[in-house]
Amino acid sequence: MEIKNNEEKINEDIKELVLFRIKSSKLSPSIKLFIGNSQAPLTTNDLINHVKKEDEIGKKIIAMQMNYLRVLKKGIMQC
Amino acid sequence: MAKFLITRPNHDTVTSYLFHWSKKILDFASKNSISFLDITGDNVNKKNVESYFKKQNPKLVFFNGHGDDNCIGGFKDEPLIESGKNEHLLKDRIVYSLSCNSAKVLGRESIKKGTETFIGYEDSFMFYTDSERETTPLKDKIASSFLQPSNELSISLLKNKTAEEASIKSKDAFKKETRKFLASNSIEGGEMIIMALLWNMENQIVLGNKQARF
C-alpha cells in the first residue's frame, strides 16, 4: 500500500522497514531532529517510539523515509 | 523606509536557531546597504507586524517562526498572519515563510488575496541539530546544512534574483548538502540527515508570480 497522506493507516511492512532503518542508522545521540512545531528535539529512540505509535510525528517520519526511497529510485543525484 | 521586513521571534530552541541563522541575511543586507526592519523577540506580535506593514509597506517579507497550514506564528506562537483573517496584509508583497506548513493553505489563500509571491513549505520544515551546540547555534555544522540553504533563498532574493531563481538556488544548496553527506563517512547515520534535507527540498514551493523580483 502506498502512503498517500498522513491520515491513511500505515502498512505494517512499511512501518517495520522504517523502524529497521532508524534502528540501524547509528546516528550520534547528540544529533537530534526538530520536526515542525516540536518544542523538544527528537532522539533516535523518540523517532522509534513515534513510528511505533503511528502518531502525527510518526506518520511524518514514515512519509519522510518513503520520500527518500522514492528519490533514491529516481536517482538521488538527479533530484 | 525599510525595503524588507524580517520577523525573528526567539522563544524556544527552534526559533533560537532561526533567530541566529537569519542574522546572516541581515549581515548581507547591511553590507549591501539594503534597508530593513528587524522585528525580534516579544516584538514579533500581530499588532506590531500589522502596524509595520501599514507604515513601512515593505515589498519583501521574511517570516521565521512556527506555523501551520493556516497560520504564521510570532513570539510564543501568537498568530501573525492567518488564513481567512488577515492574509490580505501580504497583498503585492513577496513573502518567504520559514514557518512549517504555511504554504499549504495560507500561502495559496494569500495568493488569491493578491500576494505577489509566496515561497514556503507545504509540510514541516525539519532540521537536525547537534545538541552540544544548542547554545551556540552558528557553530552547529549539522544545523548549518539545513539553515544555510534557507538563507540562500533569502539572500538570492536580495540579490534581485526572481523568486523561482531564488528557490532553485536554495534547492541546489540542499542538494549540495545532500551530496556532502552521501560522499562523507565522517558522520554515522548521515542517511537520516539526507532524508530530512530532501524532505525540505521537496516541500519548498513558489506560489504566485515566479518571476517576481525584489
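This is a predicted model: local features need pLDDT of at least 70, side-chain atom pairs count only at pLDDT 80 or more; totals for chains, interfaces and linings use all residues.

**Chain architecture, interface and helix packing**

The secondary structure of chain A consists of three helices and one strand. Their order along the sequence of chain A is α-β-α-α. Chain A has 79 residues, of which 25% are buried. Among the contacts in chain A with a separation of 6 or more, 51% are between residues 24 or more positions apart.

I turn to the interface. Here, 22 residues of chain A are in contact with 26 residues of chain B. On the chain B side, at least two residues each are supplied by helix 1 (13-21), strand 9 (126-130), helix 6 (163-183) and helix 7 (190-203) of chain B. Which of these elements provides the largest share? That is helix 7 of chain B, with eight residues. By residue class, the side of chain B that touches chain A has 13 nonpolar, six polar and seven charged residues.

The two chains are also joined through strand pairing. Strand 1 of chain A, residues 31-35, runs antiparallel to strand 9 of chain B, and five bridges join the two strands. Within this pairing, B:Tyr128 in strand 9 of chain B is the residue that stands opposite A:Leu33.

Next, helix packing, beginning with chain A. Helix 1 (residues 12-23) and helix 2 (residues 44-53) of chain A have axes that come within 10 Å and cross at roughly 175°. Because an angle over 145 degrees counts as roughly antiparallel, helix 1 of chain A is roughly antiparallel to helix 2 of chain A. Helix 1 of chain A contributes A:Lys15, A:Val18, A:Leu19, A:Ile22 and A:Lys23 to the contact, while helix 2 of chain A contributes A:Thr44, A:Leu47, A:Ile48 and A:Val51. The residues of this contact divide into six nonpolar, one polar and two charged.

The contact involves B:Lys24, B:Ile25, B:Phe28 and B:Ala29 of helix 2 of chain B, together with B:Asn151, B:Ser154, B:Ile155 and B:Leu158 of helix 5 of chain B. By class, five residues of this contact are nonpolar, two are polar and one is charged.

Technical notes. Residues are numbered from 1 along each chain as its sequence is written. Chains are lettered from A and ligands numbered from 1 in the order in which they are written. Two residues are in contact if their C-beta atoms, placed from the backbone, lie within 7 Å. Helices (H or I, at least four residues) and strands (E, at least two) are DSSP runs, numbered from the N terminus. Ala, Val, Leu, Ile, Met, Phe, Trp, Tyr, Cys and Pro count as nonpolar, Asp, Glu, Lys and Arg as charged, and the others, Gly among them, as polar. Two strands pair if DSSP finds at least two bridges between them. Axes are lines fitted to C-alpha atoms, for helices over the stretch in contact, and angles run from 0 to 180 degrees between N-to-C directions. Angles under 35 degrees count as roughly parallel, over 145 as roughly antiparallel, 65 to 115 as roughly perpendicular and the rest as oblique. A residue is buried if 20 or more other C-beta atoms lie within 10 Å of its own, exposed if 12 or fewer, and partly exposed in between; C-beta atoms are placed from the backbone.
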